[in-house]
Amino acid sequence: MTISEEKTTRDAHLWTPQRKVEDLEWFRAKYAAERDRRLPNTGADTFKAVDFDGALAGFDADPWADGPRTAPAVTADLDMLIIGAGFMGLSAGIELKKIGVTNFKILDVAADFGGTWYWNRYPGVRCDVESYIYLPFLEETGYIPTERYVRGSEIFAYCRQLGERFGLYENALFQTRVTDMEWDETTARWTVRTDGGDVLRARFVSTQSGQFTRPQLPGIPGVETFRGHSFHTSRWDYAYTGGDITGNLEKLRDKRVAIIGTGATGVQAIPQLAEYAESLVVFQRTPTQIAPRENAPTDVEWFRSLPEGWGRTRRASFDKCAMDRATADCEVDDGWIKFAKYQLNAVYEAGGAEPTLDQYMDAMERSDYQWNEMLRDRVDAVVTDPAKAEKLKTYYRTMCKRPGFSDDFLPAFNKESVDIVDTTATPIDRITGTGIVVGDRAYEVDLIVYATGFQQGRTWTDKAGYDVAGCNGNLLSKKFAHGVSTYHGFLSGDFPNLFFLGFTQSTQVSNIANLIDHQAKHMVYMVGKCLAEGIRAIEPTPEAEAAWNRTISEHAEMRRDWNTTCTPGQYNNEGRLDDRRSTLVAGLHGPGYVYFDLLRTWREDDRFEGIAVTR
Ligand code: NAP
């Protein structure tokens, strides 16, 4: 499709904002003022680095397991131990089996496969990336997602289906937490111990950055003093609320409810709470940008007509279109892509096919303001109370925070029983035995729901909950004290045969399932080669690791100006640009395919370049 044809398509989708973006300075000043309002509240320290014990133990307890682990302690010698049974663990297990490796275990704290989708069963939960590019192995399984954006329960069920189909339950060790791990130089094995008394010796171990694993509570005094009921969204208590993932929270009819947090989770849970609670107070710090959801049942005929290899092509196309605006050929036409196309059109209008850098930057900025103007107009059109509407409008560049997509979030605020409290300038002061205090106002409630996300901005080992003893007396807690250090995001010196996966110095993509797919394949290529060629140990050379760290630092610098102007959030490490502990801010800048191509070329070269190999 040509760019001008794209423009026509774009115009059909969107609408015209009332205000034309002419005065850039007005927008810059307004956005800067909103960011500054948020700055005094910022930093990872505003979150509790929770040790889930004492009064807080309940916040981490597993509501989904049928009781504690019953499996006897395992002692085993393995080719590989995979820590984490979410998409990554499933993908790694499936890829290992494809190359004939079966002597491995997949370990998880949860009682089943699913990772994020095991834990997050709050009402309204859905994936906000198109299910056709999000669910892994669709071509292999022939599974047809029921909707464009399926419910979390469908994703969880699909994870279980993958476990069954690929025989992974026989490799699983659930309800098990790693307690420590050490490298034995003489046998070239990791010894991993767990809280279940297991002793697992493994030639290779894969771990994950655990971006969204440990619930995060806000650093508000008094969380543990509340005498009503409270829980984190990833540990939803249906016994208290009634209902299930589809809603029907009937037991809330006579309950006064508060929810803290309006990120992607809050946006999905709030409409459900609003529908059933006697009253709902939403405590919002930074609003989320809300674009239309546009969900629909899957056109089964269309799905069945997709050509062989469609999955990978569609994912690549999404990645390219969402992150690299230099293409007009997009198979996925969702909210992410519509925004990308909107910007692409603006650039084209400003400078044709070959704009100057100034034209490009100007058009990108202008079109971003314009896009937000449209969405702010949409807030006004939907939310009838102007005071509430004002609080729900976003004033930051679109990709400063993860955009939201919802058709029922904004209308929820039209209920008289739903209030919204802006805690940007006046943060929540404290939580008392009976409610939440902001400034001189106390909100008495029966239930507090924490939609406050997952622990970020902590060291890798803090989040993992265990330390790793490598070669030369090196501890991972020491090596990663100020941020991860790897080669290509996978391997780290002094920690041989240990793979780091996820956002560890890799790349930032909107569809994490695509990253997982590439990383699982890449890791299994390395493991397969080592097993086939009798390689005992691999770790990066100091030079290769240092070079990758330099690349990552250079890429962080490229984002510095952007990150400085952004409102604090996950993507800019809450505004602390030089604190590199958060793995989310440490990846290659730019479209994911740059990283994926780099990995592919490295594999095709088949020389383990940059890796010290011990045979
Ligand atoms: P999140 O994005 O970290 O949002 C946490 C929310 O809590 C934010 O609104 C934050 O405000 C607020 N908050 C934290 N401390 C606060 C305090 N002291 N006072 C007031 N507000 C406070 O967490 P999440 O929404 O659970 O999402 C976690 C991750 O999962 C995100 O990456 C998200 O995109 C992803 N997710 C994806 C989907 C999907 O459909 N694919 C669904 C849900 C979640 P600030 O914004 O001001 O920090």
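Helices are DSSP runs of H or I with at least four residues, numbered from the N terminus, and the expected span of a helix is 1.5 Å times one less than its number of residues. The model is predicted, so that local features need pLDDT of at least 70 and side-chain atom pairs count only at pLDDT 80 or more, while totals for chains, interfaces and linings use all residues. Residues are numbered from 1 along each chain as its sequence is written, and side-chain values use heavy atoms, with hydrogens and water left out.

View 1. Helix H11 covers residues 310–323, and because its 14 residues at 1.5 Å a residue should span 20 Å, the 20 Å between its end C-alpha atoms agrees. Its buried residues (under 20% relative accessible area, 1.4 Å probe, protein chains only) include Trp310, Arg314, Phe318 and Cys321. The buried residues of H11 pack (heavy atoms within 4.5 Å) against several helices, among them H12 (335–351), H18 (512–533) and H21 (592–605).

**View 2. The shell around the ligand.** Of the 26 residues around the ligand (a heavy atom within 4 Å), Arg126, Thr265, Thr286, Lys401 and Arg402 come nearest. Helix H9 (residues 264–276) gives the largest share of this shell, 3 residues.

**View 3. Polar side chains at the ligand.** An oxygen atom of the ligand lies 2.6 Å from an N or O atom in the side chain of Thr265, and for the side chain of Lys401 the corresponding distance is 2.7 Å. A polar side-chain atom of Arg402 is 3.1 Å from an oxygen atom of the ligand. Of the 910 Å² of accessible area (Shrake-Rupley method, 1.4 Å probe) that the ligand has on its own, the protein covers 88%.

Note on methods: Helices (H or I, at least four residues) and strands (E, at least two) are DSSP runs, numbered from the N terminus. Buried means under 20% relative accessible area, exposed over 50%, partly exposed in between (1.4 Å probe, protein chains only). A polar contact is a pair of N or O atoms within 3.5 Å; within protein, one must be able to donate a hydrogen and the other to accept it, and residues adjacent in sequence count only if both atoms are side-chain atoms.
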